[in-house]
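Visitor: I would like a close look at the pockets of this protein and at what surrounds them. Please take it slowly and keep it plain.

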Amino acid sequence: MKWNPMPAEKLIPRLRLPGGKLNMVLDTDTYNEVDDQFALCYSLLSRERLNVQAVYAAPFFNDRSSGPEDGMEKSYDEIVRLLGTMNLQSQGFVFKGSRSYLPGEDTPVISPAAEDLVKKGMGMPEGELLYVTAIGAITNVASALLMEPRLVEKICVIWLGGHPLTWPTAREFNLMQDVKAARVILNSGVPFILVPCMGVASHLTASIPELEAFLGGKNEMCDALVKLFSEYTDDPFGWAKEIWDVSTIGLLVNPDWAPMTVEPSPLLSEDCRWSRDASRHPIGVVQWLNRNAIFRDMYKKLAQGV
């Protein structure tokens, strides 16, 4: 696929989040970890700012799945289960995603999620963007762009993936799952905000006592989240765990909590290394996250519930 990124003077303003309510979709490998569940609930409860139009199940493959398709199916079931704790319906709202990673950078993986993203993105009114928030392998989003290249004019992608551009490696789970899909996003010229993991999102940690204090007993959803989080350790003394996927939701709720710089879109090698080319189109790169502000807002909304 030969991409033709829009001029910088047109692209850079699309990296600045406007005021008012944002239309968004969430692409998530929900069963892979515990932080996706927090991000899902946080987004759905941020109604003053976010209009969540759909949730897409993303593929993943590790010791919690037998392959990308199984990971996607388990994530779909987990999304539906979690919505049940919030008394929310999944029909026509949750869509199954890719059953494999991209076979090549010119070949999409057709799925209900990718098809729905094309439909919703291309249906956006002139002058408005659909904010595509991705917190897993970015296969579904890359597939949608390959299916309909004009989608670059209609969406802005926010992705938790890779590490800071100054790091010697970009090797991180979301990115490594589908390097070809990551390259599609980086090369397409779609308005794109990268939330790096180590050194940026990695300090968004919580502990069992903290979650029990702020969320325990508040409602069925909160109890489910605390239980799920607590199952990740047998020795909670002095233990804290990243729930860094919520970074993307915090950014959308209040961009001041996630200051970013504008950088040339990096090149990504097969062995997951960044390289720089100043002539490439710009992307946004988050530099820092206000952990206290994000967690305070999230805890308050989760405790209040639906």
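What volume does the second largest pocket have?

Guide: The model is a predicted one, and in it the second largest pocket has a volume of about 150 Å³. Its lining includes Pro 13, Arg 14, Arg 16, Pro 18, Lys 21, Leu 22 and Asn 23.

The largest pocket has a volume of about 260 Å³. A total of 19 residues line the largest pocket, and those nearest its centre are Asn 32, Glu 33, Glu 172, Phe 173 and Trp 244. By type, the lining of the largest pocket holds five nonpolar, four polar and 10 charged residues. Helix α2, α6 (173-177) and β8 (241-242) each contribute at least two residues to that lining.

Helix α2 deserves a separate look. To count as buried, a residue must have under 20% relative accessible area. Among the buried residues of α2 are Asp 35, Asp 36 and Gln 37, along with Phe 38, Leu 40 and Tyr 42. Phe 38 also belongs to a cluster, joined by ring pairs to Phe 229 and Trp 239.

That brings us to the aromatic rings. The count of aromatic pairs is six. In one of them, Trp 159 and Phe 192 have ring centres 6.4 Å apart and planes at 35°, so this pair is tilted. Trp 159 is in strand β5 (residues 155-160) and Phe 192 in strand β6 (residues 192-195), so the pair ties together parts 33 residues apart in sequence. Both Trp 159 and Phe 192 are buried.

Another pair, Phe 214 with Tyr 299, is stacked, at 5.3 Å centre to centre with 10° between the planes. Phe 214 lies in helix α8 (residues 208-214) and Tyr 299 in helix α11 (residues 291-304), so this pair links distant parts of the chain, 85 residues apart. Phe 214 is partly exposed, at 46% relative accessibility, whereas Tyr 299 is buried, with a relative accessible area of 7%.

Arg 64 lies over the face of Tyr 31, 4.4 Å from the ring centre. The charged end of Lys 96 sits over the ring of Tyr 76, at 5.1 Å from its centre.

Notes
Residues are numbered from 1 along each chain as its sequence is written. This is a predicted model: local features need pLDDT of at least 70, side-chain atom pairs count only at pLDDT 80 or more; totals for chains, interfaces and linings use all residues. Side-chain values use heavy atoms; hydrogens and water are left out. Buried means under 20% relative accessible area, exposed over 50%, partly exposed in between (1.4 Å probe, protein chains only). Helices (H or I, at least four residues) and strands (E, at least two) are DSSP runs, numbered from the N terminus. On a 1 Å grid over the protein atoms alone, a cavity is a set of points where a 1.4 Å probe fits but cannot get out, and a pocket is an open set with protein on both sides within 12 Å along at least five of seven lines; lining residues have an atom within 4 Å of a point. Grid points are joined across faces, edges and corners, and a volume is the space filled by probe spheres set on the points. Ala, Val, Leu, Ile, Met, Phe, Trp, Tyr, Cys and Pro count as nonpolar, Asp, Glu, Lys and Arg as charged, and the others, Gly among them, as polar. Rings of Phe, Tyr and Trp (its six-membered ring) pair if their centres lie within 6.5 Å; planes under 30 degrees apart count as stacked, over 60 as edge-to-face and the rest as tilted. A charge sits over a ring if NZ of Lys or CZ of Arg is within 6 Å of the ring centre and within 35 degrees of the ring normal.
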